[in-house]
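Colleague: Before I rely on the labels attached to this model, I would like to go through them one by one and hear what each rests on.

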Amino acid sequence: QVQLVESGGGLVQPEGSLSLSCAASGTIFNINAMGWYRQAPGKQRELVAASGAQTIYADSVKGRFTISRDNAKNTVTLRMNSLKPEDTAVYYCHAVIIHAYGMAPRVYWGQGTQVTVSS
């Protein structure tokens, strides 16, 4: 019913910048929240940033990453500056979506996009 399509990602040198974008499409009445998680090899998936009733960031990315949403286009963008090798991970778009009035929200995930920070 809903697809999250991610774009961006790739290889970047330390202290470089990169942007990730995610677009939601399908049967959407309202999007309660959109955000980004990441998972590094051997580690659990963790929240990076999310935009909903509040905007929240992981402590490790505060001051370096910025999340923004375009509600008219159902998109979310993560601007990543001053990237570090420890930011290397697969980044997943996440959305909490209501399909129709009165329905309970559902959680959706994108397919993931690799971000590698290396010289």
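Colleague: Why is Asp87 called buried rather than exposed?

Modeller: This is a predicted model, in which local features need pLDDT of at least 70 and side-chain atom pairs count only at pLDDT 80 or more, while totals for chains, interfaces and linings use all residues. Residues are numbered from 1 along each chain as its sequence is written, and side-chain values use heavy atoms, with hydrogens and water left out. Buried means under 20% relative accessible area, exposed over 50%, and partly exposed in between, with a 1.4 Å probe and protein chains only. Asp87 has a relative accessible area of 1%, so Asp87 is buried.

Colleague: What makes the approach of Asp87 to the side chains of Arg38 and Arg64 a polar contact?

Modeller: A polar contact is a pair of N or O atoms within 3.5 Å; within protein, one must be able to donate a hydrogen and the other to accept it, and residues adjacent in sequence count only if both atoms are side-chain atoms. The side chain of Asp87 meets that of Arg38 at 2.9 Å and that of Arg64 at 2.8 Å, and both pairs are accordingly listed as polar contacts. Asp87 itself is found in the loop between β8 and β9, where helices (H or I, at least four residues) and strands (E, at least two) are DSSP runs numbered from the N terminus. Leaving out residues up to four places away in sequence, Asp87 also touches Phe65, Ser82, Val115 and Val117, contact being heavy atoms within 4.5 Å.

Colleague: How do you know that Cys22 and Cys93 form a disulfide?

Modeller: A disulfide is a pair of cysteine sulfur atoms within 2.5 Å, and the sulfur atoms of Cys22 and Cys93 are 2.1 Å apart. A search of the whole structure finds 1 disulfide. The pair links distant parts of the chain, with Cys22 in strand β3 and Cys93 in strand β9, 71 residues apart, and both cysteines are buried.

Colleague: Why is the disulfide of Cys22 and Cys93 called left-handed?

Modeller: The torsion about the S-S bond is about -85°, so the disulfide is left-handed.

Colleague: What makes the phi of Asn74 worth a remark?

Modeller: Most residues other than glycine have a negative phi. Asn74 has a positive phi of about 55° although it is not a glycine, and it lies in the loop between β7 and β8. Ser82, in the loop between β8 and β9, is another residue other than glycine with a positive phi, near 50°. Asn74, at 22% relative accessibility, counts as partly exposed, and so does Ser82, with 30%.

Colleague: Why are β1 and β7 described as standing at the edges?

Modeller: They belong to an open sheet of 4 strands in the order β1-β3-β8-β7, with antiparallel pairing. β1 (2-8) and β7 (65-70) each have a single partner strand, so one side of each is left without a neighbour in the sheet.

Colleague: How do you know that β7 and β8 pair?

Modeller: Two strands pair if DSSP finds at least two bridges between them, and 6 bridges join β7 to β8 (residues 75-80), the two running antiparallel. In one of these, Asp70 has Thr75 in β8 as its bridge partner.

Colleague: What makes a set of residues such as the one with Trp36 and Leu78 a nonpolar core?

Modeller: A nonpolar core is a set of buried Ala, Val, Leu, Ile, Met, Phe, Trp, Tyr and Cys residues joined through side-chain atoms within 4.5 Å. The largest has 29 residues, and those with the most contacts inside it are Trp36, Leu78, Met80 and Tyr91. β9 gives the most to this core, with 5 residues. Beyond its neighbours within four places in sequence, Tyr91 is in contact with several residues, among them Leu20, Trp36, Val48, Leu78 and Met80.

Colleague: Why is Tyr57 called partly exposed, whereas His94 is called buried?

Modeller: Tyr57, in strand β6 (residues 55-57), counts as partly exposed because its relative accessibility is 24%. His94, in strand β9, has a relative accessible area of 12% and is therefore buried. A polar atom of the Tyr57 side chain lies 2.9 Å from the backbone nitrogen of Ile67.
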